[in-house]
Amino acid sequence: MQTSQFAVTEGDFRSLFIRDVLDGLQQPQKSLPSKYFYDSQGSQYFDQICSLNEYYPYRTELSMLPDVARDLNSILQDPWEIVEFGAGSLVKIRLLLQQLDNIEHYVPIDIAGDHLRQASDRLQQEFPQLTVLPIEADFTQPAPLPETLPLPKLGFFPGSTIGNFSPEQAQFFLSNIRQSLGDHSRLLIGVDTKKDPSVLHNAYNDSMGVTAAFNRNILNHINRICGADFDPQAFAHYAFYNPVAGRIEMHLISTLAQQVSIDDQMIAFSEGENIHTENSYKYTPDEFLALAATSGWERERIWLDKAQMFSVFLLSAR
Ligand SMILES: C[S@@+](CC[C@H](N)C(=O)[O-])C[C@H]1O[C@@H](n2cnc3c(N)ncnc32)[C@H](O)[C@@H]1O
């Protein structure tokens, strides 16, 4: 495996992190960017969420990928490079690699660098013919892709991570990756569908409390990187489906009046005050295709599971 690349230095990462945290917590409606859930501990919590009975998106998409990969293999005849955004533990890519004959390079991008490098080492050992080029980076920031052979690129963006963007941010992100992947590219993207709100509610309020621990872990991450003194146990997990906006919202609610120091600044919380930590937008297939079309991507194939719990789209660059 080639050496990992870093889009930002550790010092830059810390300064940006502090700026984002203070910006978010100094607004009348306090919020934090959901990308900061993911340090190594947050990535491990996410893996635990994926094994929960209530969390249907992971296992549904996973069960669809062998069929998707079989269909893709007849579409991708020439050598290709896969670029995965928010690659996590690299579980889903294995299901593609087991079926696709023509993948020469794989470029997983993730903000959680240590977790990514460990997962990439394991993948490289399992697939010695493949060139694995992990990049620790924030995929919302412009970053050059590694200079490899000029192969056409298949973007891979599973897990409905697109739902963490607002529709406007999603449109911006999809347009940007359309530019960076190039004119002959394709994008394979997993998107959670609209469904019975009680199913959605349970997926983000599991009985084991793993999602609550994942939500609170953002405060531990801020403590570690920004020198803050949050007591995560003084914040309660709260998640609900907002049917008007078509999204799950996750919040942390201060259980008492308290002050927190972050990089020498004091932030006050009243009892019951909330921090908005994540959105997870849900789309009907038509809604998502309309969004993709405004970002330079057109429909090539759609896969839905029988119960229409999850959708996977193959889009091609227009
Ligand atoms: C919902 S998890 C999905 C993981 C995996 N792709 C899957 O489908 O199971 C989101 C992943 O995206 C990464 N991530 C979130 N925001 C990111 C950002 N702005 N830049 C890079 N990676 C990010 C997280 O570290 C995490 O691995």
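At what distance from an oxygen atom of the ligand does a polar side-chain atom of aspartate 110 lie?

Reply: The distance is 2.6 Å, from a polar side-chain atom of aspartate 110 to an oxygen atom of the ligand. Keep in mind that this is a predicted model. In glycine 88, a backbone N or O atom lies 3.4 Å from an oxygen atom of the ligand. For glycine 159, a polar backbone atom is 3.4 Å from a ligand oxygen. The ligand on its own has 590 Å² of accessible area, and the protein covers 93% of that.

Now the shell. It holds 17 residues, and the closest are Gly86, Lys92, Asp110, Asp138 and Phe139. By class, the shell splits into seven nonpolar, five polar and five charged residues.

Next, the strand that carries aspartate 110. Strand S3 spans residues 103-110, and tyrosine 106 sits in it. Is tyrosine 106 buried or exposed? Its relative accessibility is 0%, so tyrosine 106 counts as buried; the cut-off for buried is under 20%. Its side chain makes a polar contact of 2.6 Å with the side chain of glutamate 84. Glutamate 84 is also one of the residues that tyrosine 106 touches beyond four places in sequence. Among the others are Ile82, Ala87, Leu90 and Ile93. Further along the chain, tyrosine 106 touches Leu123, Leu130, Thr131, Val132 and Leu133.

Serine 160 is in the loop that runs between strand S6 (153-157) and helix H6 (167-181). Serine 160 is not a glycine, yet its phi is positive, at about 55°. Its relative accessibility is 6%, so serine 160 counts as buried.

Which other residue has a positive phi without being a glycine? Aspartate 263 does, with a phi of about 50°. Aspartate 263 lies in the loop between strand S10 (258-262) and strand S11 (265-269). That loop is the turn of a hairpin, with two residues between S10 and S11. At 32% relative accessibility, aspartate 263 counts as partly exposed. Strand S10 itself is mostly covered, with four of its five residues buried.

Serine 261 is opposite methionine 266 in S11. Glutamine 259 is opposite alanine 268 in S11. As a rule, side chains in a regular strand alternate between the two faces of the sheet.

To recap the ligand site: aspartate 110 comes to 2.6 Å of a ligand oxygen through its side chain, while glycine 88 comes to 3.4 Å through its backbone.

How values were computed. Residues numbered from 1 in each chain as written. Predicted model: local features only at pLDDT ≥ 70, side-chain atom pairs only at ≥ 80, totals over all residues. Heavy atoms only, no water. Buried < 20%, exposed > 50% of the residue type's maximum accessible area, 1.4 Å probe, protein only. Contact = heavy atoms within 4.5 Å. Polar contact = N/O pair within 3.5 Å; in protein donor to acceptor, adjacent residues only side chain to side chain. Near = heavy atom within 4 Å. Areas by Shrake-Rupley, 256 points an atom, 1.4 Å probe, with all protein chains shown as cover. Nonpolar A, V, L, I, M, F, W, Y, C, P; charged D, E, K, R; others polar. Pairing = 2+ DSSP bridges.
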